[in-house]
Amino acid sequence: MGITFEKKRKIFHLFTKDFSYYIHVNKYNYLIHLYSGKYLSDISKERVSERYIDRYAFLNDDNLETQDEDYYFSMMGSMFEVAPFGKGDKRNAPYILEGDNNIPLTNFLFYSYKIIKGKIDKKDYPLPYIKFKNSDIETLIITLKDEKRDVYLNLYYELSSKYHTLVRYASIINKSKEDIKVFKMSSFELDLPSSNYKLLTLKGTWSNETDLEYINLNHSLTKISENHNGRNFTYNPSIALLDKDTTFDNGEIYGFSNLYSGDFSYEIKVDEIDQTRIIGGYNDETFFYLLKENETLYSFETVIIYSSKGINDMSHKFHNLIRERLLPKTKELQNNYILINSWEAFYFDFDTKRLLELIDEAKKEEINLVVIDDGWFKNRNDDTSSLGDWEVDTSKIDLDKVINYAKSLNIDIGLWIEPEMISYNSSLFKEHSDFALIPPSYHNVTLFRHQLLLDLTRSEVVDYIFDKLSKIFDKYDIKYVKWDFNRFLSEGYSSYLLKERVKETPFRMMLGTYSLLNKFVSRYPNILLETCSAGGGRFDLGMLFYSPQIWGSDETDIALRSSIQFSKNIFYPLRSIGAHVSNRKLGSLQDKACLAFFGTYGYELDITKISEEDKNKIKEFNSYFKSFHNVVNDGDYYALYNPYESNYVSWNVVSKDKKTCLVYFMLYRKEQTKARFLKLKGLKKDKYYFNSLTNDIYKGDFYMNVGLNLSAPLESFTSMLFVIKEVDEVRATLYRKTKQVDGGKRDKLL
Ligand code: DGJ
């Protein structure tokens, strides 16, 4: 792999063994995108650039009409790396800025470049980033200069052959004396010479947060975006652009995922000659930045993954990168715990006695982390009050007693918090109403769940709330925190920003959130953090930088939960998806456990009130967790049945050494007998594997080509979880013989 620059033809080539990306600096110093896709050893810039449409013509410095001789460059149809704004390219542009003359013409031209080993240090810029090691990557930095102003644009391309990723972001540096108003700031632009694409997106709403949706593109501008600043229900910030006939196992696909939790947009434009441009960055609807002299503004990072082998291959690449280079160290604590969360067990209705009973029962069922969700702090008996008043409600619980009792049973305690918020009805609001985010002299501010956002654009507010929380976490031995975020940004203009900067509020709020998270994880590096947003509403790589897991959804019925998880699995590693067994109507405890197993796994119901039979089941699942959950955490994920296209949902996860495979299958609508074979993926074809479904041993190619025979009649919502485990040939033969004698004992092999 490498990054090269061929001086004579002025061509950059970024390549791995499977991927090439070519950029050309043309004679007018525009950066032209020549190619991206499967590895290509060389390129003809002329052949790929010819368009046979308008030739480039302009008035030169001497006011003379100049026309380009050839068709290699056209403003209308060229594929740019950075399209200009306000010039002859009338497609969507990635950067729009304006200086003192109020003219937003933006025209960045090639200035210089650098190729380095490793990653540039962003000098404590408060945005999440991929933690590459030097050996993982090479970085190309191309510097462009605005045609008229002393303003520079750096484009960063971090190429990794280890992870098969191209991480892109940009920075704008103002070296002029003017104040530069930045209206649009992107992390990347990618132009492709085809329109044969569709989009894969995760749209959603509360309780169905990630809902796979394919979008057909047309010639109008398609915008996939969020403007809730931190609740990405409408669209998740991970999307893919794929060939119309790409499947889970074949075909070309580009996946994109932002390391940012605030407002973003992807703009996809099919142009008049059927080429496709995709631009990703801050959502210009809510973004603004005033860049003073010598200031630098960064975009967030976007991870781009290309695959010619379909959606599953792209998923592997995202999962590997996220697990190894994004999740914080606390991911190592994940497998130590089986948790139970009090929310669906008690909601707000609990006290010391109920918690101690829950702890006792947890002990019996081998659950070792009890999380006290919402309702433990002053006067918080419903959702109408108290956010910001982070003091234990001693009239309700004796937290010391709860923690000490739990400790004596080897159980740890976790707590719920919602630090970015303030309740209207709270002591904090009474004392510091100015801490709430309310625009200057503005009335009728929208309340949501009776609460407002804290004005985190102010460092004193961040410090205050952090100090308040620290008093709790310094005092009590808390091992896990659920960090919730239940409302979105509205009337998002701070009273404390200067008039000229007030439109920076949404961006600065996000920076404030990251700074609060930073303080928290630095002071409490051993607390396992799970972020959450009214369910799974802030599920993105920005949050995963701080918390190795995010609550997947408040929806725990297996019908919707299965498709929510299926959709998330496409981009996010399974270990990052908070998933619990609840008491919801649909599905048995076992059905729910099968599904929760493919997330973080835990419980969310009153286990003091369930049958002995269910209690025993919980113990059985928990022993499964101890034996096999590491495969879910670190293995390769393969989608088998897409629930949006069939009556089944199914996947398997194979350990990296391919010795163990876990399979999930669920049927939605009852079916009678029909030929139904579940073909697995990712096994070694010539090795023997035992399967816990039929207690049989077959070779890997049998499981993958014939499949497991599930042809019996199946009731609605039948769920299955089974293990496929490699056995050596001798044991396989022996087992087959024994099986004839005693029917085979499953526990001999598992
Ligand atoms: C929303 C979360 O998704 C729930 O799990 C629970 O923590 C509530 N908030 C508490 O208010």
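Helices here are DSSP runs of H or I with at least four residues, strands are DSSP runs of E with at least two, and both are numbered from the N terminus. With that in hand, hello everyone, and let's walk through this one together. What you see is a predicted model, in which local features need pLDDT of at least 70 and side-chain atom pairs count only at pLDDT 80 or more, while totals for chains, interfaces and linings use all residues. Residues are numbered from 1 along each chain as its sequence is written, and side-chain values use heavy atoms, with hydrogens and water left out.

Let's start with a loop. Asn-379 sits in the loop between β25 (369-372) and α5 (399-408). Its phi is positive, about 60 degrees, although Asn-379 is not a glycine. As background, most residues other than glycine have a negative phi. Is Asn-379 buried or exposed? By our cut-offs, buried means under 20% relative accessible area, exposed over 50%, and partly exposed in between, with a 1.4 Å probe and protein chains only. Asn-379 comes out exposed, because its relative accessible area is 54%.

You'll find Ser-441 in the loop between α6 and β28 (451-453). Ser-441 also isn't a glycine, and its phi is positive at about 40 degrees. Ser-441 has 73% relative accessibility and therefore counts as exposed.

Now to the inside. A nonpolar core, for us, is a set of buried Ala, Val, Leu, Ile, Met, Phe, Trp, Tyr and Cys residues joined through side-chain atoms within 4.5 Å. The largest one has 193 residues, and the members touching the most others are Trp-376 and Phe-473. Which helix gives this core its largest share? That is helix α8 (residues 505-523), with 8 residues. There is also a second, separate core of 20 residues, with Tyr-638 and Phe-665 among them.

Contact here means heavy atoms within 4.5 Å. Leaving aside neighbours within four places in sequence, Phe-473 is in contact with residues including Leu-415, Ile-478, Phe-520 and Ile-527. Phe-473 is also one of the buried residues of α7, a list that includes Val-461, Ile-465 and Leu-469. The cover over the buried residues of α7 includes β26 (412-417), α6 (427-431), β29 (480-483) and α8.

How do the helices run? The expected span of a helix is 1.5 Å times one less than its number of residues. Helix α7 (residues 459-475) has 17 residues and reaches 24 Å from first C-alpha to last, close to the 24 Å expected. α7 has a kink of about 25 degrees centred on Leu-469, where the bend at a residue is the angle between axes fitted to the seven residues ending there and the seven starting there. Helix α8 has 19 residues and reaches 27 Å, close to its expected 27 Å. Buried residues of α8 include Phe-507, Met-510, Leu-517 and Phe-520.

Then there is α12 (residues 612-634), whose 23 residues should span 33 Å at 1.5 Å a residue, and whose end C-alpha atoms are 33 Å apart, which agrees. The kink in α12 is about 55 degrees and is centred on Phe-628. Phe-628 is itself buried, as are Ile-618, Phe-621 and Phe-625, among others in α12.

On to the sheets. Two strands pair if DSSP finds at least two bridges between them. Within it, β37 (residues 660-667) and β42 (residues 719-727) are joined by 7 bridges, and Leu-662 stands opposite Val-723 in β42.

Last stop, a hairpin. Strands β14 (residues 197-205) and β15 (residues 208-216) pair antiparallel over 7 bridges, with Leu-199 opposite Ile-215. The hairpin has 2 residues between its strands, and there Ser-207 takes a positive phi near 75 degrees. Thanks, everyone!
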